[in-house]
Amino acid sequence: PEVCAAARQAGTTAVQTYVAELGRMIAAVGAGDSATAEAAREQAEAALSGWRTALREQSAQAADPQLKTLLTDIGTEVAALGADVESIDETELDRLQQRLDQLCAR
């Protein structure tokens, strides 16, 4: 339960930060403020990177083999999203979080 809670919280925080920073980046691009846009992009990337790290840490602590595998898989998928924040679909992030929610709900 602790691993599920920590992994879910890390995902929720990462997605909220990612969405907020992406919005800030789009607004800054629209305003022609490239410095703010770049800073927001870096923060969005950092949110995803932090999520990957949390998933790896929780996977190492998981006793349940199914949970361990799922955390590793989600971490790999988050890593595969890459650093191009403009190509990442919010629904994809939600889908990853929902997979964790389903297993943790058991």
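Which residues form a disulfide, and how far apart are their sulfur atoms? Cys4 and Cys104 form it, with their sulfur atoms 2.0 Å apart. The model is predicted, so local features need pLDDT of at least 70 and side-chain atom pairs count only at pLDDT 80 or more, while totals for chains, interfaces and linings use all residues. Residues are numbered from 1 along each chain as its sequence is written, and side-chain values use heavy atoms, with hydrogens and water left out.

**View 1. The disulfide of Cys4 and Cys104.** The structure holds one disulfide, a pair of cysteine sulfur atoms within 2.5 Å. Because Cys4 lies in helix α1 (residues 2-30) and Cys104 in helix α4 (residues 90-104), the pair ties together parts that are 100 residues apart in sequence. Helices are DSSP runs (H or I, at least four residues), numbered from the N terminus.

**View 2. Geometry and surroundings of the link between Cys4 and Cys104.** The link is left-handed, with -90° about the S-S bond. Both Cys4 and Cys104 are buried (under 20% relative accessible area, 1.4 Å probe, protein chains only).

**View 3. The crossing of helices α2 and α3.** The axes of α2 (residues 34-61) and α3 (residues 65-80) come within 8 Å and cross at roughly 160°; axes are lines fitted to C-alpha atoms over the stretch in contact, and angles run from 0 to 180 degrees between N-to-C directions. Therefore α2 is roughly antiparallel to α3 (angles over 145 degrees).

**View 4. Residues at the contact of α2 with α3.** Contact means heavy atoms within 4.5 Å. Among the contributors are Leu48, Trp51 and Arg52 of α2 and Lys68, Leu71 and Thr72 of α3.

Key: Helices (H or I, at least four residues) and strands (E, at least two) are DSSP runs, numbered from the N terminus. Buried means under 20% relative accessible area, exposed over 50%, partly exposed in between (1.4 Å probe, protein chains only). Angles under 35 degrees count as roughly parallel, over 145 as roughly antiparallel, 65 to 115 as roughly perpendicular and the rest as oblique. A crossing is left-handed if the near helix is turned anticlockwise from the far one by less than a right angle, and right-handed if clockwise.
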